[in-house]
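The briefing below goes with the sequence and the three-dimensional model, and it is grouped by topic for quick reference.

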Amino acid sequence: MELAVPYALLANAVLVLHVVVVLFVVGGLVLVVAGNLLLGWAWVNALWFRLLHLATIACVAVQAWAGLECPLTTLEMWLRAQGGGAPYAGGFVQHWLQALLFWHGPPWVFTAAYMGFGLAVAVAWWRFPPRRRGRQKERAERSGIGRPVGGTRGQTRTPQPEDGSAVLR
């Protein structure tokens, strides 16, 4: 008995993933700029977020520069062909997701757009540098230093003296 592979469903899942990646690249830059200039969100400068965002747009820009097709596009088209369907034929959601992602134009236009967007991400990296939690602060939080002491309003713990007695400030 042969297992039926739902190629059309897998192709649609890849298409949704592709849209999520595009939204992350575009929305990530908007979040970094708006989070720093308008909203005061410190999390948008988290190193992990900024590195993931930079790596994602760098991959897109390098692929465009090298003249390579996006691997998500290649996989989606392969899945559609395996399922016997024509690329970009399908239902309503599929049609509109594809219309959002795939535009017609000469390749140089897309390469220039991706490079320009990559440059904008680099400028945002420079203007709003990513922040790493300080190791000292992280160690202090784990040990309880700097946390309020129960029942002693406004006082915080400090490292204990060698004799084991607690010091309150």
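**Packing of helix H2**

The buried residues of H2 pack against H1, helix H3 (71-82) and H5, where buried means under 20% relative accessible area, exposed over 50% and partly exposed in between, computed with a 1.4 Å probe and protein chains only, and where contact means heavy atoms within 4.5 Å. Helices (H or I, at least four residues) and strands (E, at least two) are DSSP runs, numbered from the N terminus. The model is predicted, and local features need pLDDT of at least 70, side-chain atom pairs count only at pLDDT 80 or more, and totals for chains, interfaces and linings use all residues. Residues are numbered from 1 along each chain as its sequence is written, and side-chain values use heavy atoms, with hydrogens and water left out.

**The chain as a whole**

- The chain contains six helices and zero strands, and along the sequence these give the pattern α-α-α-α-α-α.
- Of the 169 residues in the chain, 25% count as buried.
- Among the contacts in the chain with a separation of 6 or more, 59% are accounted for by residues 24 or more positions apart.
- The chain exposes about 12000 Å², of which carbon and sulfur atoms supply 68%; accessible areas come from the Shrake-Rupley method with a 1.4 Å probe, and for residues only the protein chains shown count as cover.

**Helix H2 in detail**

- H2 has 20 residues and reaches 28 Å from its first C-alpha to its last, which is close to the 28 Å expected at 1.5 Å a residue, the expected span being 1.5 Å times one less than the number of residues in the helix.
- The buried residues of H2 are Phe49, Arg50, His53, Thr56, Ile57, Ala61, Gln63 and Ala64.
- Gly67 follows H2, and its phi is positive, near 75°.

**The cavity**

- The count comes to one cavity of 30 Å³ or more, a cavity being a set of points, on a 1 Å grid over the protein atoms alone, where a 1.4 Å probe fits but cannot get out.
- About 30 Å³ of space lies in the largest cavity, with grid points joined across faces, edges and corners and the volume taken as the space filled by probe spheres set on the points.
- Leu29, Val32, Arg50, His53, Val121, Ala124 and Trp125 line the largest cavity, lining residues being those that have an atom within 4 Å of a point.
- The elements that give two or more residues to this lining are helix H1 (7-39), helix H2 (47-66) and helix H5 (107-127), and H5 gives the most, with three residues.
- The lining residues divide into five nonpolar, one polar and one charged, where Ala, Val, Leu, Ile, Met, Phe, Trp, Tyr, Cys and Pro count as nonpolar, Asp, Glu, Lys and Arg as charged, and the others, Gly among them, as polar.
- Arg50 and His53 belong to the lining of the largest cavity and are also listed among the buried residues of H2.

- Thr111 is found in helix H5 and is buried, with a relative accessible area of 14%; leaving aside its neighbours within four places in sequence, Thr111 is in contact with Ala64 and Trp65.
- Phe110 also has its place in helix H5 and is partly exposed at a relative accessible area of 24%, while its C-alpha atom is separated by 9.4 Å from that of Trp65, 45 residues apart along the chain.
- Pro107, in helix H5, is exposed, with a relative accessible area of 64%, and the C-alpha atoms of Pro107 and Ala64, 43 residues apart along the chain, are separated by 8.2 Å.

**Residue pairs elsewhere in the chain**

- Asn12 has its place in helix H1 and is partly exposed, with a relative accessible area of 26%; Asn12 and Leu79 are 67 residues apart in sequence and 9.1 Å apart in space, C-alpha to C-alpha.
- Gly84 lies in the loop between H3 and helix H4 (92-101) and counts as exposed at 69% relative accessibility, and its C-alpha atom is separated by 8.6 Å from that of Tyr7, 77 residues apart along the chain.

Key: 1 Å grid on protein atoms, 1.4 Å probe; cavity = no way out; pocket = protein on both sides within 12 Å on 5 of 7 lines; lining within 4 Å.
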